[in-house]
Amino acid sequence: MLSNLKPQAADKILMLIEEYKADTRQGKIDLGVGVYKDPQGVTPVMRAVKAAEQRIWESQTTKAYTGLAGEPEYRNAMANMVLGDMPADRLASVASVGGTGAIRQALELARMANPDLTVHVSNPTWPNHLSIMKFMGLPFVEYRYFDNDSRGVDFEGMKADIAKAGKGDIVLLHGCCHNPTGANLTMDQWKEVVAILQQSGAVPLIDIAYQGFGDGLDADAAATRLVAQSLPEVLIAASCSKNFGIYRERTGILMALAENTAARDLSQGAMAFLNRQTFSFPPDHGARIVSTILNDAELRSDWAAELEDVRNSMLGLRAQLASELRDLSGSDRFDFLANHRGMFSRLGATPEQVQKLKTDSAIYMVGDSRLNIAGLNSDTVPVLARAIVDAGI
Ligand code: PMP
């Protein structure tokens with residue numbers, strides 16, 4: 001039986017890591033994999049996470065199963081972090097296995113509710129969105145998103161395409177810090193998106209995996225909150241991997257805003273059922289770290305301060321890179337790097353140019369020219385800027 005299996009295509013980003021490891025050149029630079037790294041290249045455990053783990057170790061008296069939906073303390077704290085003050089009578093939520101698990105459960109839930117749906121996704125999007133939908137056999141179409149000339153959003157194209165989503169279809173939107181492009185909508189543009197969805201009855205699924213990495217914790221959630229306040233039905237998949245730095249703890253949440261209390265209860269039941277069928281109880285350790293931090297004033301403010309430092313260090317690197325490139329290229333055509341938000345920017349380079357960066361300068365980025373800003377430090381920014389200009393980008 002097992003020999004009938006077909007080989008799976010290797011993950012491009014994971015392949016890139018292997019290639020990078022095997023490169024023996026001094027001064028090689030890894031801008032591939034999507035984890036935050038400090039200027040020393042380390043992905044640290046945040047101070048508040050360590051402190052929360054210590055408290056949990058000291059006070060936890062049982063490791064018996066949690067609820068199918070996870071702990072209410074965690075779900076309430078996350079709902080508050082993402083949505084602010086939302087009326088609980090419309091909100092169903094379950095803890096999930098990372099943000100990825102929340103996305104998968106959101107798509108399963110949507111298909112249970114509407115077996116005929118089509119999912120509309122940005123072009124480009126996080127490749128795992130596409131891979132999950134292909135695996136599930138869910139029909140999807142892409143909407144225009146990235147404008148390779150401006151390296152910003154092709155908003156006219158996006159509007160025209162998402163207007164084609166019908167009632168009960170899903171429109172997958174990145175809540176902030178678009179991955180892989182770094183190009184994001186303004187709040188005025190989000191209002192237009194909301195108006196289109198109000199018109200069509202398509203349901204937004206907001207993937208928010210980088211809250212706090214762009215313009216700040218509240219600013220990054222502003223679009224999600226606007227959508228949640230304006231539309232009768234909204235699905236939200238949030239990840240704690242990046243903003244709490246707990247990648248391997250697999251901590252996320254799926255939230256569903258329903259039209260009324262009865263639909264909320266149906267959603268809650270279906271979401272708990274989906275957890276039960278998939279893995280039964282969600283992991284607890286990461287969720288407990290998050291709720292310990294968010295529900296304690298001191299830990300919360302220390303965590304928020306460290307997250308601000310992370311965010312500001314990425315903004316500093318963006319500004320430095322844009323400025324170096326302005327000087328070296330004698331043009332402002334790289335200013336988009338300072339305007340993008342989050343951990344990633346799409347350079348808009350060709351695959352040949354990306355290859356050239358690797359061959360000539362030992363600089364590794366994803367083939368679509370997505371670079372991880374956090375892979376840089378103030379010493380490597382000038383090296384990258386020089387290499388970008390030399391590669392003719
Ligand atoms: N959505 C996006 C856009 C992401 O970039 C990621 C992580 N790379 C996720 C969701 C999922 O994150 P995780 O499952 O690690 O929490």
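**Strands, core and domains: a tutorial**

Student: In strand E3 (residues 119–123), how many residues are buried?

Tutor: Happy to start there, keeping in mind that this is a predicted model. A residue counts as buried if 20 or more other C-beta atoms lie within 10 Å of its own. By that test strand E3 is mostly covered, and of its five residues the buried ones number four.

Student: In which sense do E3 and strand E4 (residues 140–144) pair?

Tutor: The two strands are joined over five bridges. One place to look is valine 119, which stands opposite phenylalanine 140 in E4. The sense of the E3 and E4 pairing is parallel.

Student: Why is helix H10 (residues 285–294) described as largely enclosed by the rest of the structure?

Tutor: Start with the neighbours: the buried residues of H10 pack against helix H2 (47–59), helix H3 (72–83), strand E2 (91–97), strand E10 (251–257) and H11. Among the buried residues are Arg288, Val290 and Leu294. H10 is largely enclosed because, of its ten residues, the number buried is nine.

Student: Which residues have the most contacts inside the largest nonpolar core?

Tutor: That core has 109 residues. Helix H11 (residues 297–329) gives the most to this core, with eight residues. The core also draws at least three residues from each of domain 1 (11–44 + 312–390) and domain 2 (65–295). Inside the core, the residues with the most contacts are Ala106 and Val290.

Student: Which helix supplies the largest share of the shell around the ligand?

Tutor: The ligand is surrounded by 13 residues, and the closest include Gly98, Gly99 and Thr100. By class, the shell divides into three nonpolar, nine polar and one charged. Its largest share, three residues, comes from residues 98–113, that is, helix H4.

Student: Which strand gives the most to the side of domain 1 that touches domain 2?

Tutor: The C-alpha centres of the two domains lie 28 Å apart. Across the boundary, 17 residues of domain 1 are in contact with 21 residues of domain 2. The side of domain 1 that touches domain 2 has eight nonpolar, five polar and four charged residues. With three residues, the strand giving the most to that side is E11.

Technical notes: Residues numbered from 1 in each chain as written. Predicted model: local features only at pLDDT ≥ 70, side-chain atom pairs only at ≥ 80, totals over all residues. Near = placed C-beta within 6 Å. Nonpolar A, V, L, I, M, F, W, Y, C, P; charged D, E, K, R; others polar. Core = buried A, V, L, I, M, F, W, Y, C linked by C-beta atoms within 7 Å. Buried ≥ 20, exposed ≤ 12 C-beta atoms within 10 Å, placed from the backbone. Domains from an automatic or database assignment. Pairing = 2+ DSSP bridges. Contact = placed C-beta atoms within 7 Å.
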